[in-house]
Amino acid sequence: MSKLMEYLRLAPVFGYFVRVFKKDKDGKYPTSTNLRMMHGINKISIIMFSICVLVLIYRFFFRN
């Protein structure tokens with residue numbers, strides 16, 4: 001059961017979201033052009049996904 005709970009932990013996922021949307025001022029994580037571009041694409045994907053989820057929720061609750 002503890003192994004299953006370890007797989008279901010969401011803290012690392014939210015830690016990644018914070019790392020993508022927040023600038024690293026401490027120099028804790030390595031940076032390169034490719035990494036910055038990947039994070040930029042991930043930002044766009046996360047925002048688009050969030051908007052789509054909101055649209056689906058709106059359609060589910062406010063349409064007949």
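Visitor: How many helices and how many strands does the chain have?

Guide: Helices (H or I, at least four residues) and strands (E, at least two) are DSSP runs, numbered from the N terminus. Along the sequence the pattern reads α-α-α. The count is 3 helices and 0 strands.

Visitor: On what basis are the values computed?

Guide: This is a predicted model, in which local features need pLDDT of at least 70 and side-chain atom pairs count only at pLDDT 80 or more, while totals for chains, interfaces and linings use all residues. Residues are numbered from 1 along each chain as its sequence is written, and side-chain values use heavy atoms, with hydrogens and water left out.

Visitor: Which element has the lowest mean pLDDT, and which the highest?

Guide: pLDDT is the predictor's confidence in each residue, from 0 to 100. The chain averages 83, and 98% of the residues score at least 70. Among the elements, helix H2 (residues 11–21) has the lowest mean, 75, and the highest, 91, belongs to H3.

Visitor: What radius of gyration does the chain have, against that of a compact globule?

Guide: The radius is taken over C-alpha atoms, and the globule rule is 2.2 Å times the number of residues to the power 0.38. Along the principal axes, the C-alpha atoms fill a box of roughly 50 × 35 × 20 Å. A compact globule of 64 residues would have a radius near 11 Å, but the chain has 17 Å.

Visitor: What percentage of the residues count as buried?

Guide: Buried means under 20% relative accessible area, exposed over 50%, and partly exposed in between (1.4 Å probe, protein chains only). Of the 64 residues, the buried share is 5%.

Visitor: Is His39 buried or exposed, and which residues does His39 touch?

Guide: His39 is placed in helix H3. Its relative accessible area is 16%, so His39 counts as buried. The C-alpha atoms of His39 and Phe17, 22 residues apart along the chain, are separated by 9.8 Å. Contact means heavy atoms within 4.5 Å; not counting residues up to four places away in sequence, His39 touches Tyr16 and Val20.

Visitor: Why does Val53 count as partly exposed?

Guide: Val53 also has its place in helix H3 (residues 33–62). Val53 counts as partly exposed because its relative accessibility is 30%.

Visitor: How far apart in space are Glu6 and Ile41?

Guide: Glu6 lies in helix H1 (residues 2–7). With a relative accessible area of 54%, Glu6 is exposed. Glu6 and Ile41 are 35 residues apart in sequence, and their C-alpha to C-alpha distance is 28 Å.

Visitor: How far apart in space are Asn42 and Arg59?

Guide: Asn42 is in helix H3 and is partly exposed, with a relative accessible area of 21%. Asn42 and Arg59 are 17 residues apart in sequence; C-alpha to C-alpha, the distance is 26 Å.
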